[in-house]
Protein chains: 2
Amino acid sequence: MNDRIRCESLKSRVTSAEQAARLIADGMVVGMSGFTRAGEAMAVPLALAERAKTEPLKITLLTGASLGHDLDKILAEAKVTARRMPFQSDPGLRRAINQGEVMFIDQHLSETVEQLRRGQIPGVDVAVIEAAAITADGGIIPTTSVGNSASFAILAKKVIIEINLSQPLSFEGLHDIFIPSYYPNRMPIPVVTPDSRIGTPSIPIDPDKIAAIVITEKHDSAATVAEPDDETRAIAGHLVRFFEGEVAAGRMTSRLAPLQAGIGSIANAVMHGLIDSPFEGLQMYSEVLQDSTFDLIDAGKLSFASGSSITLSEKRNAEVMAHFGRYKSKLILRPQEISNHPEVVRRLGLIAINTALEFDIYGNVNSTHVMGTHMMNGIGGSGDFARNAMLSVFVTKSVAKGGAISSVVPMVSHVDHTEHDVDILVTEQGLADLRGLAPRERAVRIIAQCAHPERRAALADYYERALSRGGQTPHLLEEAFSWHNRLRETGRM
Amino acid sequence: MNDRIRCESLKSRVTSAEQAARLIADGMVVGMSGFTRAGEAMAVPLALAERAKTEPLKITLLTGASLGHDLDKILAEAKVTARRMPFQSDPGLRRAINQGEVMFIDQHLSETVEQLRRGQIPGVDVAVIEAAAITADGGIIPTTSVGNSASFAILAKKVIIEINLSQPLSFEGLHDIFIPSYYPNRMPIPVVTPDSRIGTPSIPIDPDKIAAIVITEKHDSAATVAEPDDETRAIAGHLVRFFEGEVAAGRMTSRLAPLQAGIGSIANAVMHGLIDSPFEGLQMYSEVLQDSTFDLIDAGKLSFASGSSITLSEKRNAEVMAHFGRYKSKLILRPQEISNHPEVVRRLGLIAINTALEFDIYGNVNSTHVMGTHMMNGIGGSGDFARNAMLSVFVTKSVAKGGAISSVVPMVSHVDHTEHDVDILVTEQGLADLRGLAPRERAVRIIAQCAHPERRAALADYYERALSRGGQTPHLLEEAFSWHNRLRETGRM
């Protein structure tokens, strides 16, 4: 234990999860570690759920992003989670959100801690942070994610640490903790390349704030990313050919530009597609490092990857952790405020690849709301990246549910990304390069390149009839959601 | 003339506007100075319009923002403008855009020159830039706007300068020209306070690129901002009281935070409202400096203002220019890429105040499209500021056209700013503070605080019925645009 808790004065604070959870009272704001099912604290939240069976206990729960181990489901079903931000991806919590039982504040992932330190949202009473170790001066060494852990710990009144013995001590030195200076003396964030180290290897806090330490031994939940299929491989293929064209046109070198890829099967497949591409010396500046990141490193294609978490499948996790020394010098995990920071994203000139739920004929993208109303996961980092990237790409399959749903619609039922922030759309059908096009030009190209062949005529018919009304962005408002309404009424768009 | 053209080798390039305009051929991309009707070149574009009467002449026209002197109307009616970006505000051009005769690419104002230097949109063949003077080494001293002039001149193959003798030489030293370094060695933009000077007083280009110089003598078009009325004064009053609350809560000091205000009567009235407020030592980091900027300086309230242009009413223009020395040390004009830069906006922690056409019960904002289809002006800088500001405020009157149109609607007919980027909404009815609220909470507050009393019951009825469908953001998609459809059919929402 001496290597896990190196600060003498803290050793006496080791306690049970139940005891630690007593620091959290009904009505508090709790900031927990965890980003894309990596590095979340688990023992204390489970103790909270247990306690809620016998006493009133409702909290505002802040995290980095999604939690693993069904924690969001368990906390929602125990009615512990009254308010939740900034992201989630759990079916159980999703149900509670869409029923109005949990107030979900869907946020750009770079912005939550800004709002906290400005006092614009209620402050964190207790932070619960998973750590690999605590240094001699009380610094917290995170595990597989940084997320918002650093700012939560720094801003919280009290901090509970879950020391996870199953996470290797070799994680020390992986993280780069940097907190921006505050107004009115805020200075530039000095990240100038994906491998810039600008901070400290641990989260610096006053050890006196660490009110309890719980010892755990748990593995991260495995990623549930589907293997590439014919359609996601086709999407990857279109993008690789597009990049080849950009290189040929002199707009990029064969190193492309630092890559960001959203979580999920399609983005993972796209990154996989780069293994058999002519590009090399690639770098990533992203949120989550998935299987494909390590596959690209193993293939000699990727020289460096910066992210805020590592989320792997069970198989890849075993392989990577067994040989972590091989990867460590090629990786940095940062606070999500820095991994997603508009300043850094624009400076580095990223290629941002994110997934759309649906997009419309003018290139507006819905990333979050099924049928315009029901939350799927949240906007996550897609807005941070799409707005500021050198090249903003959105990918999706052209149809879903065996063709019942078209991902290309006359008007999206909810807008997360406006046409201004969308350069390239890709489906298995093809790629639409929208740069420098007016909306009327976008419509023609999107219908031709991205829509499913069975849907093109109907989309073109809508567009042609909308043209009769005129405008920069022609629409028939009384018909704009007719596809969605038909889906609701008949089960098919 | 020696003080206006200080570079000997360039004196022989003085020519007529007609002759200079011959450098522009059919099909070219032309980048012109001009931002919010300030500092536009005029003689050469008029010569182009004249020439188009007798020969085919169509161009892609890029500017900073809007042009004065009806130039956009004249060029559109002469069919010279085939493509136009990134902003306009002319009724004649607007008509051509909405009829599909001119392809208008509506852009975030900070992004146009990024796309140009990346080669993502066709490059500038000829730049036409109004200047107060040319320095001995060929540097261009702009006049009342910088806009995109610096990057246009640097990136163009040839440059035409219009020396405007009516603009005083005392403008020299007002401007701060800074061009970001390029990938992969891009460095931070070193603006850390509104008064940071980081560049050069003139636009540095190879004098050999200056292919023609035209001498003009013209005044900027006067701003057409309406005087504050009862409603805009009420909006200003709500905001001042809100700021007082923020100061009382310790979230700001009495200096507030650097202010950005969009162009137009409401934003101008809001800024005016600060004259009789308890705040002092204010600063601006904005796009356009309007009458209210100088009124605040005269009132001793505003200590510094950074912008990309100065656009004044006829009366204020005469007063300010007669005593320009009094103001010069308190002003900087920057390229719009820097005045609007996401990096700088987030670093400085701005209060951004922009005007909405309409907003919906969940806080999504339409800034551009009347009835979801017809372009008004363009998104301008509102997205650059709203996304990255410390506090993003949108203002509008609660109704328009004598009450026939409600500015608060069930669902906006076009989205420019999503709920994630909107903190505060203000109408003459009141102010809705949306920070930290989930969509269902936002709806209740927006209807109660911002909607016109005659519209509240109908909005609440829509919301209540939408709740029965559930969801994070309840809607009845088949009814979401019923207010807009009723307006189209009956002339009243």
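Predicted model: local features only at pLDDT ≥ 70, side-chain atom pairs only at ≥ 80, totals over all residues.
1. Start with the contact. Chain A supplies 76 residues, and chain B supplies 76 residues. Together the two chains bury about 6500 Å². Carbon and sulfur atoms account for 51% of that area.

2. Next, the charged pairs. Eight salt bridges are counted between chain A and chain B. In a salt bridge, Arg346(A) meets Glu114(B), side chain to side chain, with N to O at 3.2 Å.

3. Now the side of chain A that touches chain B. The elements giving two or more residues include helices H4 (91–98), H13 (342–348), H14 (382–388), H15 (439–449) and H17 (482–490) of chain A. Strands S4 (103–104) and S20 (374–375) of chain A are also on that list. H13(A) gives the most, with five residues. By residue type, this side of chain A divides into 28 nonpolar, 27 polar and 21 charged.

4. Turn to chain B. Three of its strands make an open sheet, ordered S18-S17-S24, with mixed pairing. S18 (365–366) and S24 (408–409) of chain B are the edge strands. Each has a single partner strand, so one side of each lacks a neighbour in the sheet.

5. Look at one pairing in that sheet. S17(B), residues 358–360, runs parallel to S24(B), and two bridges join them. Which residue of S24(B) stands opposite Phe359(B)? Val408(B) does.

Note on methods. Residues numbered from 1 in each chain as written. Chains lettered and ligands numbered in written order. Heavy atoms only, no water. Contact = heavy atoms within 4.5 Å. Buried area = accessible area lost by both parts, 1.4 Å probe. Salt bridge = Lys/Arg side-chain N within 4 Å of Asp/Glu carboxyl O. Helix = DSSP H or I, 4+ residues; strand = E, 2+ residues; numbered from the N terminus. Nonpolar A, V, L, I, M, F, W, Y, C, P; charged D, E, K, R; others polar. Pairing = 2+ DSSP bridges.
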